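Subject: Structure handover and notes

Dear colleague,

Please find below the structure that I promised to pass on to you, followed by my notes on it.

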Amino acid sequence: MNFNIDLIIQSFPLLILGAGITVQITAISVGLGLVIGMFVGIARICRVTPLRWLAAVYIDFLRGTPLLVQIFLIYFALPIILNQRVDPFIAAITACGINSGAYIAEIFRAGIQAIDKGQMEAGRSLGMTWVQTMRYIIVPQAFKNIIPPLGNEFIALLKDSSLVSVIGFEELTRRGQLIIARTYGSMEIWLSVAIIYLIMTLAISRLVAYMEKRLKTS
C-alpha cells in the first residue's frame, strides 16, 4: 500500500481553509454560549423560582440530547415552522452556540457557588442589590476559576463542530470528505485532518494554560 505524500501537499491548502472555518464556527459559538451560559447560570441559582425552572429545563434538554439531533432540528425542522430556509452557517453556529451555552451555564454556576458566601454578604452590607453584587463582586471572581473548564469546553466544541458537516457546511471534516470523494485517498486525508485537529486543540490548551497562569498572578 502506497502512501501518497503528494496528495497531502496538494490538499493541504484546502484543509487549512476548512480549519479556518472550523475555528470561526467554534469561536462564534463559544462567544454565543458564553452570553447564554452566563445568564442561564445566574438564573439557575437566583431566587426567582420560575427562572430557576426554565434554566434547569434548558440545561437538561440541551445536555440530554445529542448535538447532531439539535443541528437537524434547527436546519430541517425550524424552516418548516418559519416557512423559510435556514442558512447552513446560521444553523451551525446557532446549534453549537445554544448547546455550548448549556454546558457553560453549569460551569458558571459551579464557579459562582465556589465563591465564599461572605462575598455576597459583604456586597449587600455595602448597600448593593443582589444583581449589583453578582455583577461587580461575584462574577469577576468566578470568571478566574472557570478559565480551565471553559478551555475544555472550547476544545470539545472545536471537535464537535465536525458534526455540522452533515448539513453540507464545508468546515475541516467536510473538506476532507470532498477531497476523498475526488481522490480516494482516505488514509492520507483523514490522517491530515486528524493532525490539523490535534494542532488546533494543543494550541488552545497552551493558550488556556497561559491565561490561567496570568490570572493567578494578577
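F3, I5, I9, M187, L191, I195 and I199 together make a nonpolar surface patch of about 660 Å². Two or more residues of this nonpolar patch come from each of the elements α1 and α9, and α9 gives the most, with four residues. A patch is made of residues with over 30% relative accessible area and no salt bridge, where like charges are joined within 9 Å and nonpolar side chains (Val, Leu, Ile, Met, Phe, Trp, Tyr) within 5 Å. A salt bridge here is a side-chain nitrogen of Lys or Arg within 4 Å of a carboxyl oxygen of Asp or Glu, and accessible areas come from the Shrake-Rupley method with a 1.4 Å probe, with only the protein chains shown counting as cover for residues.

Before going further, please note that this is a predicted model, in which local features need pLDDT of at least 70 and side-chain atom pairs count only at pLDDT 80 or more, while totals for chains, interfaces and linings use all residues. Residues are numbered from 1 along each chain as its sequence is written, and side-chain values use heavy atoms, with hydrogens and water left out.

Helices (H or I, at least four residues) and strands (E, at least two) are DSSP runs, numbered from the N terminus. Helix α1 covers residues 5-45 and contains S11, and I5 and Q24 are also found in α1. S11 is buried at a relative accessible area of 4%, whereas I5 is partly exposed at 46% and Q24 is partly exposed at 41%; buried means under 20% relative accessible area, exposed over 50%, and partly exposed in between (1.4 Å probe, protein chains only). Leaving aside neighbours within four places in sequence, S11 is in contact (heavy atoms within 4.5 Å) with I179 and I189. Q24 and T183 are 159 residues apart along the chain, and their C-alpha atoms are separated by 27 Å.

Next comes T201, which lies in helix α9 (residues 186-217) and is buried, with a relative accessible area of 12%. Not counting residues up to four places away in sequence, T201 touches I155, L158 and K159. Helix α7 (residues 147-160) has 14 residues and reaches 20 Å from its first C-alpha to its last, close to the 20 Å expected at 1.5 Å a residue, where the expected span is 1.5 Å times one less than the number of residues. The buried residues of α7 include I155 and L158.

Two loop residues also deserve a look. Most residues other than glycine have a negative phi. N83, however, has a positive phi of about 60° although it is not a glycine, and N83 sits in the loop between α3 (67-82) and α4 (88-113), where it is exposed at 71% relative accessibility. Y184 likewise has a positive phi, near 65°; Y184 is found in the loop between α8 (172-183) and α9 and is exposed, with a relative accessible area of 70%.

Finally, a word on the cysteines. C46 counts as buried at 8% relative accessibility, and C96 is buried at 0%. A search of the whole structure finds zero disulfides (pairs of cysteine sulfur atoms within 2.5 Å).

With best wishes
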